[in-house]
Amino acid sequence: KRFRMDRTIGDTLRRKPHPAVHALNGVDLSVRRGETLGIVGESGSGKSTLARCIVRLIEADEGTLRYDGVDIRTLAGSDRRAFNRRVQMVFQDPRGSLNPRMTVRQTLAEALTVHRMRPKAGIPDRIAELMELVRLPPEAADRYPHEFSGGQRQRIGIARALSVEPECLIADELVSALDVSVQAQVVNLLLELQQRLGLTILFVAHDLRLVRHLSHRVAVMYLGSIVETAETEALFAAPQHPYTQALLAAAPDLDPTRRHRVPAAKGELPSPVNLPSGCTFHPRCPHAFDRCRSEAPLPRPTATGTAACHLLDQAAPAAAPNRQEIP
Ligand code: SF4
Ligand code: MG
C-alpha cells in the first residue's frame with residue numbers, strides 16, 4: 001500500500017539517515033477511552049510523527065508506547081494484527097489508501113474479509129450499514145473512488161476504517177484539504193460517530209477552530225515535545241504555556257473574548273537536528289530567563305492538565321515522571 005505523507009520531522013528522519021533527529025522527545029500522553037484528544041502545533045512540531053508512531057507507520061527507535069497497558073512496539077503476529085484492527089488511521093487524502101481500481105464495495109468487502117469481521121453472507125448488509133453510517137447512499141458503493149467528491153472520499157475512508165470496528169481512530173489533518181463547508185460536514189460526522197460508537201479519537205490538526213469544536217482535551221506540541229495539555233475550554237480561555245499563548249494569538253477568528261492577548265512567537269522553528277538547550281522554546285519565548293537556557297522544564301500540573309514551563313514552577317510541584325516515552 002502507498003501512503004502519502006506530508007512533510008514532517010519524521011519524513012526528514014526517513015530520508016536522511018545521518019544526523020540524530022529528535023523527532024519526539026519523551027512524549028507522555030494518555031488518551032481516555034471515548035474521548036477526542038486534539039493534537040496541535042506548527043508543522044514540524046512532531047504531531048504527525050506521533051500519530052504515525054502510534055500506528056507504527058514509523059517505528060520509534062526507543063521508548064515505549066502503551067495501548068491498554070501493553071507496549072505496542074513489542075506486539076507481533078496475531079497480537080499486532082489485533083492492534084492494527086483496534087486502532088485505525090484515517091488519512092488526509094484517502095486516494096492514497098483507497099485502491100482506484102476497486103469499487104467502494106470491493107474495498108469494504110476486502111477489509112471485512114481480511115479481518116474476518118463477517119461471514120460472507122453478512123457482508124452486503126454490513127456494507128450498506130457502513131455507507132449509512134457515513135451518510136452515503138448504499139447504492140453508491142458500486143462506484144469507484146474517482147467518482148466521488150473530496151468530502152465523499154473522506155467519508156469512504158472513514159467507512160473503511162470503521163469496517164473493522166476499531167476502538168480508536170487517528171485522524172491526521174483529516175479535513176485540511178477540503179473546502180470549509182465540507183470540513184464542517186466531515187467534522188460533524190466524526191462527532192456523531194464518536195458519540196454513537198464510543199470511539200476514541202486522536203484529532204491531529206493545525207486548525208485550532210476545528211480542534212476546539214471537536215476535542216474534549218487538547219495537547220500542544222512543540223519541537224517533538226508536549227508542552228501543554230488541558231481540557232479544551234480551559235486551554236482556549238487561559239493557555240498556561242507561553243507557546244500555547246503564542247499559537248492561540250496567531251490564530252485568526254478564535255474567541256475575541258479570551259483573556260490572553262500576546263504576540264505570536266517570533267522567529268522560525270529551530271532545526272530538529274540541533275535542538276536549543278534547556279527549554280526548546282527559549283529562543284522564541286518572550287518570557288525566557290536564565291534558567292530557561294540551561295534547564296529543560298518538566299511538566300507541572302495545571303488546573304485541567306499539565307504545562308512544561310519554568311514560570312509555573314512556583315505554582316506547583318513537578319508532575320510524576322514520564323511513563324511513556326517515544327524518542
Ligand atoms: Fe519560556 Fe522559559 Fe517557560 Fe520555556 S520555560 S516557555 S523559555 S518561560
Ligand atoms: Mg503533519
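Colleague: What should I know before I start?

Modeller: Residues are numbered from 1 along each chain as its sequence is written, and chains are lettered from A and ligands numbered from 1 in the order written. The model is predicted, so local features need pLDDT of at least 70 and side-chain atom pairs pLDDT 80 or more, while totals for chains, interfaces and linings use all residues.

Colleague: How many helices and strands does the protein have?

Modeller: Eleven helices and ten strands. They are DSSP runs, numbered from the N terminus: helices are H or I with at least four residues, strands E with at least two.

Colleague: Which residues of strand β4 are buried?

Modeller: In a regular strand, side chains alternate between the two faces of the sheet. In β4 (residues 87–90), V87 and M89 are buried on one side, Q88 and V90 on the other. Buried means 20 or more other C-beta atoms within 10 Å of the residue's own, with C-beta atoms placed from the backbone.

Colleague: In which sense do β4 and β5 pair, parallel or antiparallel?

Modeller: Parallel, over four bridges, with β5 spanning residues 168–172. Pairing takes at least two DSSP bridges. M89 stands opposite I170 in β5.

Colleague: At what angle do α4 and α5 cross?

Modeller: Axes are lines fitted to C-alpha atoms over the stretch in contact, with angles from 0 to 180 degrees between N-to-C directions. Helices α4 (residues 104–114) and α5 (residues 123–133) cross at roughly 115°, their axes coming within 10 Å. That makes α4 roughly perpendicular to α5 (65 to 115 degrees).

Definitions and conventions: Parallel < 35°, antiparallel > 145°, perpendicular 65-115°, else oblique. Buried ≥ 20, exposed ≤ 12 C-beta atoms within 10 Å, placed from the backbone.
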